[in-house]
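Subject: Structure handover

Hi there,

Here is the structure I promised to pass on to you. Have a look at it first, and then read my notes below.

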Amino acid sequence: MHHTVTLIPGDGIGPEVADATVQAVEATGVPIRWERVELTREIIEQSGESIPDYVLESVHRTRVGLKGPVTTPVAGGFQSVNVALRKRLDLFANVRPVRTLPGLKTRFQDANIDMIIFRENTEDLYAGLEHEVVTDVVTSLKVITRRASERIARYAFEFAQRVGRRKITAVHKANIMKLGDGLFLRCCREVAQEYPGIEYKELIVDNAAMQLVLRPETFDSLVMPNLYGDIVSDLAAGLVGGLGIVPGSNMGERHAVFEAVHGSAPDIAGKGIANPTALMQSAGLMLAHLGEQAASEKLQSGITRVYAEGKHLTGDVGGKATTKEFTEAIVANIAGSH
Ligand code: NAI
């Protein structure tokens, strides 16, 4: 039986890393039919919609998407595609595993970092409720609900229990946002009581940022509202080698979209030097989600071996290889393990 997956290459370096990832997934031998849908800044500007219907229809049908980045204009212009996709498909949980890749030289290469960040994906300051009260005075509304907070907390605890994680830290700023973050924290505490086998801790977000840099190896799983999740997960990506490395998934009740943490990298787009590792590792998560555990492990160990050898790495992680050379090394490694 084959799986059907919606492939959204995106724009900028998106098509380059997506093509590389398709090659790596196919090398595992897993039977996937890709339903490729184009989504770029130009298409969005011309159609006037952040998510044209054909994209939603495809993900509704396949239930699983693999997505590259799409450029979003800063300060003005259309709503972010990712925000729109998460809202329209109710992809409420953003899950980002952050792990040391053995062999990769980073400032923290000796720390054995292995954490999972669970970010609430639908509300908080991403509600997009901004209002210019009078000229030069703007309010941006931060929305926190019991429903969304409980849902992400429960998702994190269930996930942790399933994969044998031992500790969850809720990250917040409830000392200042007593009502909003206070509600988030209350929900985490309540859900935590249902999982006595998992240690529960709390950290204020600024302290969490410092502790992550000082003692990254002591973190296990973290759960937090949307904006802190956005910032903290990029910080965590920096600990293990940067945006070119870290994968992510957006999970809902019915749909799942897997994507890298990085953006469209306009500074290097079209040069053939982008690092496809983050999207490849996202595809590894996707394969596990599809029940293709063996293929997922093959892909992951192919990546791990290429990093351990260190001969075919891209420029962002200190190597000289092009996207093509790196991908060929991955494919050869996966093929060699059959
Ligand atoms: P970015 O992640 O695109 O780039 C930041 C820096 O990291 C750049 O120097 C870039 O060259 C480098 N980089 C990122 N990914 C890399 C990779 N795979 N290999 C090698 N180097 C890599 O972030 P930036 O510049 O803030 O955003 C550019 C555009 O992407 C913006 O329009 C933004 O809105 C959009 N974006 C889209 C996302 C998505 O669709 N998932 C996520 C984040 C940003």
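In these notes, a residue is buried if its relative accessible area is under 20%, exposed if over 50% and partly exposed in between, using a 1.4 Å probe and protein chains only. Helices (H or I, at least four residues) and strands (E, at least two) are DSSP runs, numbered from the N terminus.

After α4 comes D90, with a positive phi near 50°.

Please keep in mind that this is a predicted model, in which local features need pLDDT of at least 70 and side-chain atom pairs count only at pLDDT 80 or more, while totals for chains, interfaces and linings use all residues. Residues are numbered from 1 along each chain as its sequence is written, and side-chain values use heavy atoms, with hydrogens and water left out.

Now to the sheet. Two strands pair if DSSP finds at least two bridges between them. The open sheet has 10 strands in the order β2-β1-β3-β12-β11-β4-β5-β10-β8-β9, with mixed pairing. Its edge strands, β2 (32-36) and β9 (199-204), each pair on one side only.

Strand β3 (residues 64-67) pairs in the parallel sense with β12 (residues 256-260) over 4 bridges, and also in the parallel sense with β1 (residues 3-8) over 3 bridges. L66 of β3 stands opposite F258 in β12, and L7 stands opposite L66. Both faces of β3 are covered, with V64 and L66 buried on one side and G65 and K67 buried on the other.

Finally, the aromatic rings. Rings of Phe, Tyr and Trp (its six-membered ring) pair if their centres lie within 6.5 Å; planes under 30 degrees apart count as stacked, over 60 as edge-to-face and the rest as tilted. The structure holds 7 such pairs. One of them joins Y155 and F159, with centres 6.1 Å apart and planes at 35°, so this pair is tilted. Both residues lie in helix α5 (residues 146-163), 4 residues apart, about one turn of the helix, and both are buried. The rings of F157 and Y195 have centres 5.2 Å apart and planes at 25°, so they are stacked. F157 lies in α5 and Y195 in the loop between α6 and β9, so this pair ties together parts 38 residues apart in sequence.

Best wishes
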